[in-house]
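The sequence and the structure come before the details.

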Amino acid sequence: MYGFGLAKGLMVTLKNFIRPPFTIQYPEERIPQHPRFRGEEFAWYEERCTGCASCAKYCPLGIIKIVTSEGGRSPQEGGHYDIDVFDIDIGRCMFCGLCVEACPYDALFMGSGFERGRYERQDLVITVDELREAVKKPSTWFRPQLEDSGYDPHKDSALDWRAVGREKWEWHQREKAGARIKFRPARVGDKTQEGDGEARS
Amino acid sequence: MAIRTEPVTINIGPQHPSTHGVLRLRVTFDGEVIVDVEPVFGYLHRGSEKLAEERNYVQVLTLTDRLDYVASMTNNQAYCIAVEKMLGVEAPLRGQYLRVLAAELQRAASHLVATGFLLQDLGALATPLMYCFRFREKILDLFEMLCGARITVSYMRPGGVFSDAPPDFWPALDDLMQEAPHLIQELEQLLMKNEIVLVRTKNVGVLSAESAIASSVSGPVLRASGVAWDWRKMDPYDIYDRLEFDVPVGERGDNYDRFRVRIEEVKQSLRIVEQCRDEIHPGPVRADVDAEAIDLVLERRGEAEKPLAEGPVRAELPFVLRPPAGAEAYGRVEAPKGELAFYLVSDGSIAPYRCKIRSPSLINLTVLRELLVGWKLADMIVTLGSIDINMGEVDR
């Protein structure tokens, strides 16, 4: 019978008519962001950065430019390279976050920003001065130490360089004491994985 | 007096909203009836296979996100399985559960996009599409919790996933699972028995099982033709052999069947997600390998390497992977659009020597002529929508 489907369809329309809207009026309203959000307000801690350029090497697009010069003190005295240039070209960044994954010293973090519209291409480059002065609210992406402490970049205040590292981790302490991991080309089984009871963690 | 008629060739695309991306169709019409169709593609060619040869194994993962950008999770999964096969590494159980969970959510999201756009192609402007996107949006919210991104996820890594799900992911997933049956039921109620949808899609664009197999079509297009072929059942990867689910098949292989098979698959996907949620156990999420802790001080002095007192340790997979020279692997998954596979060859360096992508959209597109000849222009758009192609994947 024709017409019956139409009536049913209109019923659905009627139901949705009284439902609160699902859409968000963006500039005024915002969807809550998760702490892991990978965005552009990079948090860079100069105190932690050694200028090793792991992030630059690991970036699939090669958009991080680092220029270092020798600092006054020798490494034995605790000196490290001075960082003259640390530019991130956001115009070509795809926010994969591999630079953060590569950083061995917890010096680089993703941020939560996503509204960097500019008229000029060169304005899209985050310079080292901008990184130094930025309010550092790091995303917890790939930084389990921040997640363990329950940090949320949208609610909590900016973090100091002392608060973001994994110094408390046992392995990190061992590494600081002079240990290095060497991989053996061995076949891998997975024996240590069956959980005992209690679903999810 | 006889009127002289002749066939007309018309270009549709590459910049046309109804061709689902930059697909160009060279169609020959006799009046309004299609005589010949020739799909022309390559307008979105980015050379992903070649780019992969210049990046290391984890960096290639970011390229896989951009193949089928409606279903990034399954792309990641296929690639990771290929790399794992080359390395001889197996992801830990919790990692595999998380991968399957994410992939099934992604399948639901991808099928919803396909359904929504199919209905839009039928002329139901915006409203059914919005219903589908409303549901998909909830799934993408979950992805943002998991990995910080909604579309280009880069969630999985060779050897598992990059990180465990955050604690507030599980309650959010519970909410979605409670809501989902209702949303799907609403969609079904609105569309599956709608006369316009039935008339426009039933017996249109019929693909027989024989020709579907002969042209190596895969995914929902193949299953709609009545062939129960699903790599999750035929060659279970990750933990699919532990899970219980059905493979929905169609009867005739027409547009309606393809549409219905997708809706049924969304239901099965949610069933799998439910099982994963209930069965997942605590544990590591990324494979670890045998390693030795070396005393760095001794090494710097140039003395013999001596393991530290702790003895052998287990460490996570290193960043830069070097599969043995000559290793090759074919990682295959059942992506939302069909059989997606990565064929990788290693020469012992940090980057793959060759990366071949078997993309389901490209191969499913080859049956287009058979589906369309004899039908009218309006059916062409609907049939193209029912194959569910993604140009990012067709052109790579």
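## Basis and overall burial

A residue is called buried at under 20% relative accessible area, exposed at over 50%, and partly exposed in between, with a 1.4 Å probe and protein chains only. By that definition, 39% of the 201 residues in chain A are buried. The model is predicted: local features need pLDDT of at least 70, side-chain atom pairs count only at pLDDT 80 or more, and totals for chains, interfaces and linings use all residues. Residues are numbered from 1 along each chain as its sequence is written, chains are lettered from A and ligands numbered from 1 in the order in which they are written, and side-chain values use heavy atoms, with hydrogens and water left out.

The accessible surface of chain A is about 12500 Å², and carbon and sulfur atoms account for 54% of that area. These areas come from the Shrake-Rupley method with a 1.4 Å probe; for residues, only the protein chains shown count as cover.

## Fold of chain A

Helices (H or I, at least four residues) and strands (E, at least two) are DSSP runs, numbered from the N terminus. Chain A has 6 helices and 6 strands, arranged along the sequence as α-β-α-β-β-α-β-β-α-α-α-β. Contact means heavy atoms within 4.5 Å. Of the contacts in chain A between residues at least 6 apart in sequence, 69% join residues at least 24 apart.

## Strand pairing in chain A

Two strands pair if DSSP finds at least two bridges between them. In chain A, an open sheet of 3 strands runs in the order S2-S3-S5 with antiparallel pairing. Its edge strands, S2 (64–69) and S5 (125–126) of chain A, each pair on one side only. S2(A) and S3(A) (residues 82–89) are joined antiparallel over 6 bridges, and Ile66(A) stands opposite Phe86(A) in S3(A).

Strand S1 of chain A (residues 39–44) is mostly covered, with 5 of its 6 residues buried. S1(A) runs antiparallel to S4(A), joined by 3 bridges. Ala43(A) stands opposite Phe109(A) in S4(A).

## Surroundings of Leu146(A)

Leu146(A) is in helix H5 (residues 144–148) of chain A. Leu146(A) counts as buried because its relative accessibility is 1%. Leaving aside residues up to four places away in sequence, Leu146(A) touches several residues, among them Phe109(A), Pro138(A), Tyr151(A), Leu159(A) and Val164(A).

## Positive phi values

Asp106(A) is not a glycine, yet has a positive phi of about 55 degrees. Asp106(A) lies in the loop between helix H3 (98–102) and strand S4 (108–111) of chain A, and counts as buried because its relative accessibility is 1%.

In chain B, Ser216(B) has a positive phi near 50 degrees, also in a residue other than glycine. Ser216(B) lies in the loop between helix H8 (209–214) and helix H9 (220–224) of chain B. At 38% relative accessibility, Ser216(B) is partly exposed.

## Helix packing in chain B

The axes of H11(B) (residues 255–279) and H15(B) (residues 377–387) come within 9 Å and cross at roughly 35 degrees. Axes are lines fitted to C-alpha atoms, for helices over the stretch in contact, and angles run from 0 to 180 degrees between N-to-C directions. Asn255(B), Arg258(B) and Arg262(B) in H11(B) meet Val382(B), Thr383(B), Ser386(B) and Ile387(B) in H15(B).
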